2 protein chains.
Amino acid sequence: MKPTLQAVADAVGVSRSTVSNAYSRPDQLSATLRERILDAARQLGYPGPNPTARSLRRGFVGSIGVLFTSQLSYAFTDPFAVRFLAGVGAAAERHGTSMLLVPLPRAVTDARQAVENAAVDGFCVYCVADEEWALDVIRQRGLPFVSTAARDDASADERFVGIDERAAARSAAAHVAGLGHRRVALLADSVLPDTPAGPLTLAGVDQVPHPTTRGRLSGFADAFAEVGVGWAELTLVNVPGNSRPAAAAAIAGLFDQPAPPTAVLAGSDVLALGVLDALAARPAHDRPTVSVTGFDDVPEAAAAGLTTVRQPAEEKGRIAAELLLDPPADAAAGHVLLPTALVVRGSTGPVPRS
Amino acid sequence: MKPTLQAVADAVGVSRSTVSNAYSRPDQLSATLRERILDAARQLGYPGPNPTARSLRRGFVGSIGVLFTSQLSYAFTDPFAVRFLAGVGAAAERHGTSMLLVPLPRAVTDARQAVENAAVDGFCVYCVADEEWALDVIRQRGLPFVSTAARDDASADERFVGIDERAAARSAAAHVAGLGHRRVALLADSVLPDTPAGPLTLAGVDQVPHPTTRGRLSGFADAFAEVGVGWAELTLVNVPGNSRPAAAAAIAGLFDQPAPPTAVLAGSDVLALGVLDALAARPAHDRPTVSVTGFDDVPEAAAAGLTTVRQPAEEKGRIAAELLLDPPADAAAGHVLLPTALVVRGSTGPVPRS
DNA sequence: GCTAATCTCTGTATCGATTCAGACTGGATC
DNA sequence: GATCCAGTCTGAATCGATACAGAGATTAGC
């Protein structure tokens with residue numbers, strides 16, 4: 001059994017308080033006594049104050065949680081998420097705070113418990129799916145949090161960092177529309193929960209539950225509405241999961257249809273790269289010329305020559321953590337909108353004449 | 001002030017124990033009473049048992065620490081580290097355990113404190129630099145840990161997962177030696193601590209403090225010793241930090257020297273890619289033909305056509321976490337050696353005749 | 001009908017520290 | 001010589017739960 005602080009106190013013949021002070025408040029006792037205590041502690045093999053006990057008494061933990069509403073391993077697979085984490089990590093480092101990555105079980109009840117049991121002082125919520133229940137739990141616990149997806153019902157004092165998803169998506173779509181494309185497919189991850197991969201008919205974009213996805217699809221639709229292409233004329237394709245293979249599989253059949261799309265607007269670079277994969281997989285003589293756009297501008301996008309919308313990934317993570325760890329006095333400053341930019345590369349071009 | 005478990009007990013008129021049981025041991029009380037308690041808790045806004053208090057009493061935390069003996073942001077920059085983390089994450093997920101990423105301040109005293117204060121049940125130590133002090137602290141705390149770098153002084157019961165660095169490196173070097181290269185540069189991250197970038201003279205490879213680096217350099221040296229090229233004839237190049245730009249900067253001057261190396265063996269893919277960057281940065285007419293090898297086989301390596309040594313990254317992370325969370329009864333099983341494979345791609349070729 | 005087993009629930013001890021009001025000592029101040 | 005003060009150290013209260021032995025009430029077994 002490891003000795004406790006009490007054991008050290010007994011060994012030196014001082015009170016528990018004094019030993020505690022030797023560790024946490026050196027100015028509260030004479031240097032000589034402090035040395036004596038530290039020596040005794042070394043001799044006894046006292047590992048220093050127990051972090052958990054300390055947290056309990058102090059009322060804070062010294063670590064922030066990062067919540068991915070999906071598999072934890074996903075967080076490391078998605079290049080955008082990784083860069084986001086890097087940003088959070090940089091801020092955490094600056095504040096001497098640890099990051100707790102909490103895996104969420106599939107079952108909602110278990111997932112709620114996971115959030116309830118996380119020993120953290122606050123959460124950065126990186127949203128990849130519907131997260132409302134998670135925010136409920138966090139609020140219930142009375143913990144501060146920063147969200148990265150704009151929600152309609154967000155109260156004014158909720159901290160947020162993100163982009164104008166709709167405007168950003170619109171810029172990409174306007175570029176494609178400007179190139180003359182009118183037969184267009186929109187590709188998104190988990191348009192509706194538990195829906196199979198492939199084309200999907202939806203009365204309107206407002207049916208999409210996930211705010212980020214809804215925002216991007218709205219932006220795409222906006223740009224095409226402007227050139228006279230209505231929502232019903234756009235092909236919406238669902239991908240279950242944000243991965244290249246999933247996107248490739250979901251889109252594959254589309255190009256063999258009577259009037260295939262001449263452009264595919266994807267909700268993320270990962271999906272867009274999957275589309276490029278699907279195209280590359282076809283024999284050269286049967287490979288349609290399709291314009292493809294992504295979203296995020298992950299490192300791989302540049303290498304693949306993908307036209308995409310850039311958003312500052314690390315910055316997003318860094319600011320999310322900063323907002324959490326060092327909340328601005330002004331509530332308005334707690335709502336940060338980051339800039340985006342359309343990055344045009346080789347993956348988009350004019351409609352081929354055929 | 002959030003209500004405590006006691007408050008709920010009072011509201012319902014039962015003992016604290018019973019409320020506790022309602023949460024943690026539903027089988028210890030009648031279903032009806034349990035419902036009554038949970039209802040009251042909801043009404044009062046009780047956030048559920050305080051995770052810290054619970055951890056203190058239970059004696060464990062439910063999370064494992066991942067220790068990077070370097071900047072935390074590095075962990076997300078190095079593709080190999082990211083894949084390692086993904087593996088740890090997958091295992092953590094399986095066990096319902098969280099991962100705590102602990103940033104380490106530069107100053108050793110502060111860094112020690114960070115490890116002392118981490119609320120975790122054990123550590124996966126991903127080594128990027130000398131870690132001996134960290135292991136000391138962990139041992140002192142009496143926490144279990146798994147290391148990924150083989151150390152000479154490791155006691156038999158210490159858990160470990162890694163590769164035979166020396167043999168793996170040797171395979172790469174043997175390939176290059178077989179192609180006829182004799183003027184060769186070895187590139188490694190932080191050969192000696194706090195040493196400037198660039199060529200470095202070292203009496204022998206045993207002077208390198210970091211076991212992983214030492215292992216790989218030894219392997220390189222082994223292969224060349226076999227074809228009659230001694231340690232002194234090899235050019236050792238130090239890179240401060242495992243990054244492409246750093247590697248490019250460190251190697252840049254080398255090709256303008258009288259008898260430039262015809263091959264560069266790098267201690268990691270990231271460094272090797274940096275070498276390729278440095279070469280690509282030169283004007284075409286002044287670009288020497290240099291064989292380059294890496295180590296790890298990160299995703300980018302394939303795209304760049306880099307010859308490298310593959311080691312299973314996620315597997316390493318997964319097994320590290322498994323060894324920690326589910327220790328094998330047999331001590332020998334706690335020491336896992338993963339397979340490696342030489343992957344020959346376009347970045348290596350015969351010595352050009354000039 | 002009596003003992004044993006089962007089900008619920010309670011009370012007390014405990015996890016390992018931090019906090020804060022105050023006791024004590026030995027100068028400095030006037 | 002009384003007062004004040006700064007510097008040290010102590011003790012009791014507290015953070016918010018869980019563990020475990022055991023008290024009562026029921027049910028089961030024979």
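Two residues are said to be in contact when heavy atoms lie within 4.5 Å, and by that rule 37 residues of chain B are in contact with 37 residues of chain A. This is a predicted model, in which local features need pLDDT of at least 70 and side-chain atom pairs count only at pLDDT 80 or more, while totals for chains, interfaces and linings use all residues. Residues are numbered from 1 along each chain as its sequence is written, chains are lettered from A and ligands numbered from 1 in the order in which they are written, and side-chain values use heavy atoms, with hydrogens and water left out.

**Where chain B touches chain A**

- The area buried between chain B and chain A, meaning the accessible area (1.4 Å probe) that two parts lose on being put together, summed over both, is about 3,100 Å², and carbon and sulfur atoms give 63% of it.
- Between these chains there are 10 residue pairs in polar contact, both at pLDDT 80 or more; a polar contact is a pair of N or O atoms within 3.5 Å, where within protein one must be able to donate a hydrogen and the other to accept it, and residues adjacent in sequence count only if both atoms are side-chain atoms.
- The side of chain B that touches chain A takes two or more residues from each of α4 (51–58), α5 (72–77), α6 (79–95), β2 (98–102), α7 (108–117) and α8 (132–141) of chain B, where helices (H or I, at least four residues) and strands (E, at least two) are DSSP runs, numbered from the N terminus.
- That side consists of 19 nonpolar, 12 polar and six charged residues, with Ala, Val, Leu, Ile, Met, Phe, Trp, Tyr, Cys and Pro counted as nonpolar, Asp, Glu, Lys and Arg as charged, and the others, Gly among them, as polar.
- Strand β2 (residues 98–102) of chain A pairs with β2(B) in the antiparallel sense over three bridges, pairing being called if DSSP finds at least two bridges between two strands, and Leu100(A) has Leu100(B) as its bridge partner.

**Around DNA strand D**

- DNA strand D is surrounded by 28 residues, of which Ser17(A), Thr18(A), Arg57(A), Leu5(B) and Ser20(B) are the closest; a residue is near a strand if one of its heavy atoms lies within 4 Å of it.
- The largest share of the surface near DNA strand D, five residues, comes from α4(B).

**Around DNA strand C**

- Among the 27 residues around DNA strand C, those that come nearest are Leu5(A), Ser20(A), Ser17(B), Thr18(B) and Arg57(B).
- Phosphate oxygens of DNA strand C lie 2.5 Å from a backbone N or O atom of Leu5(A) and 2.2 Å from a polar side-chain atom of Ser20(A), while a base oxygen is 2.6 Å from an N or O atom in the side chain of Ser17(B).
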